[in-house]
Amino acid sequence: MANPLTPDVLVDPVELTRALVDIESVSRDEKVIADCVEDVLRHTKHLTVKRVGNTVMARTGLGREQRVVLAGHLDTVPINDNWPSTVVDDLIYGCGTSDMKSGVAIALHLAATLPDPAYDVTYLFYEAEEIESEYNGLNLVSAGHPEWLRADFAVLLEPTYGAVEAGCQGTLTAVVHTRGRRAHTARAWRGVNAIHAAGEVLRRLEDYHPRTVTIDGCTYREGLNAVRITGGVAGNVVPDECAVEVNLRFAPDRSEKQALKHLHKVFEGFDLEVVDSAPGALPGLEAPAAREFLLAVGVEPAAKLGWTDVARFAALGIPALNYGPGDPSLAHAPDEHVEIGRIRDGAATLHRWLAG
Ligand SMILES: [Zn+2]
């Protein structure tokens with residue numbers, strides 16, 4: 001197959017968005033798109049290129065004082081009667097248009113057309129963001145080649161509809177256990193009912209006042225919720241076990257360890273078992289490259305409440321944020337589309353920032 005990412009496509013981020021969308025790349029099937037992207041980057045003289053699996057990294061080596069990362073995932077969720085792309089007025093429809101091939105197109109366009117940026121730039125196009133993190137290309141690179149990610153600041157071009165979403169909240173899931181003693185319900189006084197004991201767990205959740213925390217102008221709203229409850233043996237048995245699964249979303253001023261300590265305090269007196277935990281990410285907007293980025297974009301940053309890949313950069317000490325042309329509410333939707341004007345604006349803004 002001839003590479004559809006030709007020089008005249010690369011100069012136009014809108015045409016490039018369409019071309020990328022029309023290379024099918026559902027998670028675990030990114031070889032063709034990664035081949036095409038790698039080929040383009042290897043033919044770009046000012047870039048050094050490396051690849052692991054279907055993740056491609058390209059970077060300048062200009063000896064600038066600061067280095068920034070532009071990153072995007074190449075995969076999409078499964079196609080849903082929305083491929084290949086179509087254009088209606090100023091909208092491009094198709095799987096991946098918003099999440100996030102329009103963002104990838106901006107980064108690839110800049111990689112190919114900006115030989116002399118004011119920062120050294122690392123471009124990262126990675127696989128398998130839409131599925132389990134064991135396949136996530138960014139995760140694999142941070143484990144196997146962390147030096148590829150070394151930078152002062154990173155931008156992930158995930159869909160934000162032109163907003164700047166900085167940092168992200170952490171998440172901690174745990175099971176609160178209550179225990180009792182089994183007995184026949186006909187002689188219930190001989191037992192201790194573990195489900196009744198869960199009432200106190202639920203009361204504490206109901207009385208819980210989540211914090212609102214503002215960091216670097218971004219407001220994070222925490223939350224603690226029961227997400228599942230299990231217990232019971234049979235219709236005639238006083239149950240001896242009940243388990244309430246709770247999820248804490250915590251602002252990035254708490255570490256995972258502090259979040260767990262907090263949870264222990266909330267459920268003092270109960271057994272707590274951690275199921276899953278991921279750290280948040282501080283917005284890090286005081287970094288010089290981040291400030292210059294915000295000046296170029298000219299919008300106030302907002303907090304990212306969900307967990308995103310920016311936390312993988314934060315774990316390496318690199319401030320990171322999301323900024324992309326797609327509309328996040330259209331991600332994964334059958335009528336997924338992107339506004340052509342937003343692609344052009346995003347490309348022009350990032351060009352202005354990187355050109356200095
Ligand atoms: Zn995405």
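Which helix does L138 lie in? I looked, and L138 lies in helix α5, residues 137-144.

**Ground rules.** I'm on a predicted model, where local features need pLDDT of at least 70, side-chain atom pairs count only at pLDDT 80 or more, and totals for chains, interfaces and linings use all residues. Numbering runs from 1 along each chain as its sequence is written, and side-chain values use heavy atoms, with hydrogens and water left out.

**Whole chain.** I counted 10 helices and 19 strands; these are DSSP runs numbered from the N terminus, helices being H or I with at least four residues and strands E with at least two. The C-alpha trace spans about 80 × 45 × 40 Å along its principal axes. Of the 356 residues, 53% are buried. Buried here is under 20% relative accessible area, exposed is over 50%, and partly exposed is in between (1.4 Å probe, protein chains only). I also checked contacts, meaning heavy atoms within 4.5 Å. Among those between residues at least 6 apart in sequence, 78% join residues at least 24 apart.

**Back to L138.** L138 counts as buried because its relative accessibility is 1%. Leaving aside neighbours within four places in sequence, I find L138 in contact with L124, Y126, L149, D309, R312 and F313.

**Zinc.** H73 took me to the metal. The protein donors of the zinc ion are H73 (NE2), D99 (OD) and E158 (OE), at 1.9 to 2.2 Å. Donors are N, O and S atoms within 2.8 Å of the metal (3.2 Å for Na, K and Ca), and water is not among the atoms, so sites may look incomplete. I noted the donor spacing in sequence as H-x25-D-x58-E. H73 sits in strand β3 (residues 67-73) and E158 in the loop between β7 (153-156) and β8 (164-166), 85 residues apart. H73 is buried at 0% relative accessible area; E158 also counts as buried, at 12%.

**Cores.** The largest has 63 residues, and F293 and W353 have the most contacts inside it. Helix α4 (residues 97-113) gives the largest share of this core, 8 residues. A second, separate core of 20 residues includes V201, L224, F250 and F267.

**Rings.** I got 5 aromatic pairs. Rings of Phe, Tyr and Trp (its six-membered ring) pair if their centres lie within 6.5 Å; planes under 30 degrees apart count as stacked, over 60 as edge-to-face and the rest as tilted. Y119 and W353 have ring centres 5.4 Å apart and planes at 45°, so I logged the pair as tilted. Y119 is in the loop between α4 and β6 (120-126), W353 in helix α10 (residues 340-355), 234 residues apart. Both Y119 and W353 are buried. F293 and W353 are edge-to-face, because their centres are 5.1 Å apart and their planes at 80°. F293 lies in helix α8 (residues 288-297) and W353 in α10, so this pair ties together parts 60 residues apart in sequence. Y119, F153, F293, Y323 and W353 form one aromatic cluster.

What sits over the ring of Y161? I found the charged end of R342 there, 3.7 Å from the ring centre. The test asks for NZ of Lys or CZ of Arg within 6 Å of the ring centre and within 35 degrees of the ring normal.

Conventions
A nonpolar core is a set of buried Ala, Val, Leu, Ile, Met, Phe, Trp, Tyr and Cys residues joined through side-chain atoms within 4.5 Å.
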